[in-house]
Amino acid sequence: MAIDKVFDVAGSALTAQSQRLNVVASNLANADSATGPDGQAYRARQVMFSTLPLEGDAAGVRVTGVVEDPSPMRRVYEPQHPLADKDGFLTLPNVNVVEEMVNMISASRAYQNNVETMNTAKTLLLKTLTLGQ
Amino acid sequence: MVNRLDELLRFHATALGLRGERQQLLASNIANADTPDYKARDIDFARALKAALDAPSAPAGQTGIPAGAQPQVLYRTVQQPSADGNTVDLDVERAQFAQNALRYEANLTFLNGQIKTLLAAIQG
(Lines give C-alpha, C1' and ligand atoms only; values in the text may rest on other atoms or scores of the structure.)
Protein backbone atom coordinates (compact mmCIF):
# COMPACT_ATOMS: atom_id res chain seq x y z
CA MET A 1 0.00 0.00 0.00
CA ALA A 2 1.53 3.23 -1.09
CA ILE A 3 -1.39 5.46 -1.92
CA ASP A 4 -2.34 6.01 1.72
CA LYS A 5 1.04 7.73 2.19
CA VAL A 6 -0.16 10.45 -0.19
CA PHE A 7 -2.27 11.70 2.75
CA ASP A 8 0.84 12.12 4.93
CA VAL A 9 2.75 13.83 2.11
CA ALA A 10 -0.04 16.23 1.12
CA GLY A 11 -0.99 16.80 4.77
CA SER A 12 2.53 17.92 5.68
CA ALA A 13 2.52 20.24 2.65
CA LEU A 14 -0.83 21.74 3.73
CA THR A 15 0.56 22.48 7.19
CA ALA A 16 3.71 24.06 5.73
CA GLN A 17 1.85 26.17 3.19
CA SER A 18 -0.68 27.43 5.73
CA GLN A 19 2.19 28.45 8.00
CA ARG A 20 3.69 30.35 5.06
CA LEU A 21 0.33 32.04 4.51
CA ASN A 22 0.23 32.99 8.21
CA VAL A 23 3.64 34.64 7.96
CA VAL A 24 2.57 36.53 4.84
CA ALA A 25 -0.55 37.74 6.66
CA SER A 26 1.58 38.88 9.59
CA ASN A 27 3.97 40.73 7.25
CA LEU A 28 1.13 42.47 5.41
CA ALA A 29 -0.65 43.40 8.64
CA ASN A 30 2.53 44.96 9.99
CA ALA A 31 3.66 46.66 6.78
CA ASP A 32 3.41 50.05 8.51
CA SER A 33 4.05 49.19 12.18
CA ALA A 34 6.60 51.78 13.21
CA THR A 35 7.10 50.19 16.61
CA GLY A 36 6.61 46.78 18.23
CA PRO A 37 6.77 45.37 21.77
CA ASP A 38 10.59 45.79 21.77
CA GLY A 39 10.39 49.42 20.63
CA GLN A 40 11.81 48.52 17.21
CA ALA A 41 10.02 48.59 13.86
CA TYR A 42 8.69 45.25 12.60
CA ARG A 43 11.04 43.16 10.44
CA ALA A 44 9.59 41.06 7.59
CA ARG A 45 9.65 37.29 8.22
CA GLN A 46 10.01 34.38 5.84
CA VAL A 47 9.47 30.63 6.39
CA MET A 48 12.14 28.11 5.37
CA PHE A 49 10.97 24.82 3.85
CA SER A 50 12.87 21.57 3.83
CA THR A 51 12.07 18.01 2.81
CA LEU A 52 10.62 15.71 5.46
CA PRO A 53 11.58 12.11 4.60
CA LEU A 54 8.72 9.71 5.26
CA GLU A 55 8.57 5.90 5.21
CA GLY A 56 9.63 4.46 1.84
CA ASP A 57 10.40 6.95 -0.89
CA ALA A 58 7.73 9.47 0.12
CA ALA A 59 8.86 13.00 0.91
CA GLY A 60 6.77 15.54 2.79
CA VAL A 61 7.52 19.16 3.64
CA ARG A 62 8.29 20.78 6.96
CA VAL A 63 9.01 24.32 8.06
CA THR A 64 12.50 24.37 9.58
CA GLY A 65 12.26 27.91 10.83
CA VAL A 66 11.02 31.43 10.44
CA VAL A 67 13.83 33.88 9.64
CA GLU A 68 13.80 37.67 9.81
CA ASP A 69 14.56 39.55 6.60
CA PRO A 70 18.02 41.16 7.01
CA SER A 71 17.44 43.80 4.31
CA PRO A 72 17.64 47.48 5.41
CA MET A 73 14.58 49.10 6.97
CA ARG A 74 12.55 51.70 5.14
CA ARG A 75 13.34 55.26 6.27
CA VAL A 76 11.04 58.20 5.57
CA TYR A 77 11.45 61.87 6.45
CA GLU A 78 8.65 62.71 8.88
CA PRO A 79 9.92 65.20 11.48
CA GLN A 80 6.49 65.72 13.09
CA HIS A 81 6.19 62.00 13.99
CA PRO A 82 6.77 61.25 17.71
CA LEU A 83 9.05 58.30 16.85
CA ALA A 84 11.24 60.25 14.40
CA ASP A 85 14.96 60.36 15.24
CA LYS A 86 16.97 63.58 15.71
CA ASP A 87 17.37 64.01 11.93
CA GLY A 88 13.60 63.75 11.47
CA PHE A 89 13.65 60.25 9.92
CA LEU A 90 11.15 57.55 10.86
CA THR A 91 12.16 53.86 10.60
CA LEU A 92 9.45 51.71 9.04
CA PRO A 93 9.30 47.91 8.42
CA ASN A 94 11.23 46.43 5.48
CA VAL A 95 8.09 44.60 4.26
CA ASN A 96 7.86 44.57 0.45
CA VAL A 97 4.10 44.50 -0.10
CA VAL A 98 4.34 43.43 -3.76
CA GLU A 99 6.61 40.52 -2.88
CA GLU A 100 4.27 39.49 -0.07
CA MET A 101 1.26 39.47 -2.40
CA VAL A 102 3.15 37.23 -4.85
CA ASN A 103 4.15 35.00 -1.96
CA MET A 104 0.53 34.83 -0.84
CA ILE A 105 -0.74 33.76 -4.27
CA SER A 106 2.04 31.20 -4.57
CA ALA A 107 1.20 29.74 -1.13
CA SER A 108 -2.50 29.59 -1.88
CA ARG A 109 -1.94 27.86 -5.25
CA ALA A 110 0.41 25.34 -3.65
CA TYR A 111 -2.23 24.68 -0.96
CA GLN A 112 -4.90 24.09 -3.62
CA ASN A 113 -2.61 21.73 -5.52
CA ASN A 114 -2.09 19.61 -2.44
CA VAL A 115 -5.80 19.53 -1.60
CA GLU A 116 -6.41 18.21 -5.11
CA THR A 117 -3.69 15.59 -4.67
CA MET A 118 -5.41 14.42 -1.49
CA ASN A 119 -8.83 14.31 -3.17
CA THR A 120 -7.49 12.19 -6.02
CA ALA A 121 -5.86 9.78 -3.58
CA LYS A 122 -9.14 9.52 -1.67
CA THR A 123 -11.10 8.73 -4.84
CA LEU A 124 -8.58 6.05 -5.84
CA LEU A 125 -8.62 4.43 -2.41
CA LEU A 126 -12.43 4.41 -2.29
CA LYS A 127 -12.51 2.74 -5.71
CA THR A 128 -9.94 0.19 -4.51
CA LEU A 129 -12.17 -0.63 -1.55
CA THR A 130 -15.00 -1.62 -3.88
CA LEU A 131 -12.78 -4.05 -5.83
CA GLY A 132 -14.66 -7.24 -6.68
CA GLN A 133 -18.10 -5.95 -5.78
CA MET B 1 -5.34 -24.23 -7.85
CA VAL B 2 -4.90 -21.20 -5.61
CA ASN B 3 -1.54 -20.63 -7.30
CA ARG B 4 -3.23 -20.44 -10.69
CA LEU B 5 -5.67 -17.86 -9.37
CA ASP B 6 -2.71 -15.87 -8.02
CA GLU B 7 -1.00 -16.17 -11.40
CA LEU B 8 -4.10 -14.89 -13.19
CA LEU B 9 -4.39 -11.76 -11.05
CA ARG B 10 -0.64 -11.22 -10.67
CA PHE B 11 -0.08 -8.89 -13.63
CA HIS B 12 -2.73 -6.36 -12.70
CA ALA B 13 -2.06 -6.64 -8.96
CA THR B 14 1.64 -5.88 -9.53
CA ALA B 15 0.84 -3.01 -11.89
CA LEU B 16 -1.62 -1.60 -9.34
CA GLY B 17 1.06 -1.72 -6.62
CA LEU B 18 3.55 0.10 -8.84
CA ARG B 19 0.97 2.71 -9.83
CA GLY B 20 0.43 3.32 -6.11
CA GLU B 21 4.18 3.75 -5.54
CA ARG B 22 4.38 6.18 -8.46
CA GLN B 23 1.36 8.14 -7.22
CA GLN B 24 3.12 8.59 -3.89
CA LEU B 25 6.32 9.83 -5.60
CA LEU B 26 4.38 12.31 -7.75
CA ALA B 27 2.51 13.55 -4.67
CA SER B 28 5.90 14.10 -2.99
CA ASN B 29 7.02 16.15 -6.00
CA ILE B 30 3.88 18.32 -5.88
CA ALA B 31 4.20 18.77 -2.10
CA ASN B 32 7.83 19.88 -2.47
CA ALA B 33 7.21 22.34 -5.34
CA ASP B 34 8.57 25.18 -3.17
CA THR B 35 11.30 23.39 -1.21
CA PRO B 36 14.81 24.67 -2.03
CA ASP B 37 17.21 22.02 -3.43
CA TYR B 38 14.49 19.40 -3.81
CA LYS B 39 14.98 17.24 -6.92
CA ALA B 40 11.87 15.85 -8.64
CA ARG B 41 11.78 12.03 -8.71
CA ASP B 42 9.92 9.40 -10.67
CA ILE B 43 10.17 5.74 -11.68
CA ASP B 44 10.52 4.22 -15.15
CA PHE B 45 7.17 2.43 -15.01
CA ALA B 46 7.70 -0.01 -17.92
CA ARG B 47 11.08 -1.14 -16.57
CA ALA B 48 9.83 -1.36 -12.98
CA LEU B 49 6.84 -3.48 -14.05
CA LYS B 50 9.04 -5.82 -16.08
CA ALA B 51 11.47 -6.22 -13.15
CA ALA B 52 8.62 -6.93 -10.74
CA LEU B 53 7.04 -9.50 -13.07
CA ASP B 54 10.37 -11.20 -13.84
CA ALA B 55 11.26 -11.50 -10.17
CA PRO B 56 10.53 -14.91 -8.62
CA SER B 57 6.91 -14.75 -7.53
CA ALA B 58 6.18 -14.15 -3.88
CA PRO B 59 5.21 -17.10 -1.68
CA ALA B 60 1.54 -18.12 -1.81
CA GLY B 61 -0.79 -15.74 -0.04
CA GLN B 62 1.51 -12.77 -0.59
CA THR B 63 0.70 -10.47 -3.45
CA GLY B 64 1.98 -7.16 -4.71
CA ILE B 65 5.54 -6.18 -5.57
CA PRO B 66 8.15 -8.84 -4.61
CA ALA B 67 10.62 -7.67 -1.96
CA GLY B 68 13.63 -7.90 -4.29
CA ALA B 69 12.02 -5.91 -7.12
CA GLN B 70 11.21 -2.55 -5.57
CA PRO B 71 11.17 0.11 -8.30
CA GLN B 72 14.34 2.10 -8.86
CA VAL B 73 13.72 5.77 -8.10
CA LEU B 74 15.26 8.12 -10.68
CA TYR B 75 15.69 11.88 -10.79
CA ARG B 76 13.79 13.74 -13.46
CA THR B 77 15.74 15.63 -16.13
CA VAL B 78 14.32 19.11 -16.17
CA GLN B 79 14.00 21.88 -18.76
CA GLN B 80 14.08 24.89 -16.43
CA PRO B 81 15.62 24.39 -12.98
CA SER B 82 14.91 27.16 -10.46
CA ALA B 83 17.60 29.39 -8.98
CA ASP B 84 17.06 27.72 -5.56
CA GLY B 85 18.02 24.27 -6.91
CA ASN B 86 14.46 22.95 -7.07
CA THR B 87 13.69 20.90 -10.20
CA VAL B 88 9.91 20.42 -9.80
CA ASP B 89 7.94 21.49 -12.89
CA LEU B 90 4.38 21.69 -11.57
CA ASP B 91 2.73 21.36 -14.99
CA VAL B 92 4.61 18.15 -15.71
CA GLU B 93 3.95 16.74 -12.25
CA ARG B 94 0.23 17.50 -12.32
CA ALA B 95 -0.17 16.03 -15.78
CA GLN B 96 1.68 12.87 -14.74
CA PHE B 97 -0.33 12.70 -11.52
CA ALA B 98 -3.64 12.86 -13.41
CA GLN B 99 -2.44 10.31 -15.96
CA ASN B 100 -1.20 7.94 -13.27
CA ALA B 101 -4.54 8.22 -11.41
CA LEU B 102 -6.40 7.40 -14.62
CA ARG B 103 -4.23 4.34 -15.26
CA TYR B 104 -4.68 3.22 -11.66
CA GLU B 105 -8.43 3.31 -12.24
CA ALA B 106 -8.01 1.46 -15.54
CA ASN B 107 -6.09 -1.23 -13.66
CA LEU B 108 -8.89 -1.49 -11.12
CA THR B 109 -11.42 -1.89 -13.94
CA PHE B 110 -9.38 -4.70 -15.51
CA LEU B 111 -9.07 -6.45 -12.15
CA ASN B 112 -12.79 -6.09 -11.54
CA GLY B 113 -13.45 -7.62 -14.97
CA GLN B 114 -11.22 -10.58 -14.20
CA ILE B 115 -12.90 -11.12 -10.85
CA LYS B 116 -16.34 -10.97 -12.49
CA THR B 117 -15.22 -13.54 -15.07
CA LEU B 118 -14.02 -15.86 -12.33
CA LEU B 119 -17.25 -15.44 -10.37
CA ALA B 120 -19.28 -16.20 -13.50
CA ALA B 121 -17.26 -19.39 -14.01
CA ILE B 122 -17.72 -20.42 -10.35
CA GLN B 123 -21.44 -19.67 -10.09
CA GLY B 124 -22.36 -20.83 -13.53
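I looked up Asp4(A) to see how open its surroundings are, and with 12 C-beta neighbours inside 10 Å it counts as exposed (buried means 20 or more other C-beta atoms within 10 Å of the residue's own, exposed means 12 or fewer, and partly exposed lies in between, with C-beta atoms placed from the backbone). I note that this is a predicted model, in which local features need pLDDT of at least 70 and side-chain atom pairs count only at pLDDT 80 or more, while totals for chains, interfaces and linings use all residues. Residues are numbered from 1 along each chain as its sequence is written, and chains are lettered from A and ligands numbered from 1 in the order in which they are written.

I placed Asp4(A) in the segment before helix 1 (5-29) of chain A (helices, H or I with at least four residues, and strands, E with at least two, are DSSP runs numbered from the N terminus). From Asp4(A) to Asn114(A) I read 14 Å, C-alpha to C-alpha, for a separation of 110 residues in sequence.

I then turned to Asp37(B), which sits in the loop between helix 1 (2-31) and strand 1 (41-43) of chain B. Its phi is near 70°, a positive value in a residue other than glycine, and I logged Asp37(B) as partly exposed because it has 13 C-beta neighbours inside 10 Å.

Last, I checked the contact between the chains, to which chain A brings 28 residues and chain B 24 residues (two residues are in contact if their C-beta atoms, placed from the backbone, lie within 7 Å). On the side of chain B that touches chain A, helix 1 of chain B gives the most, with nine residues.
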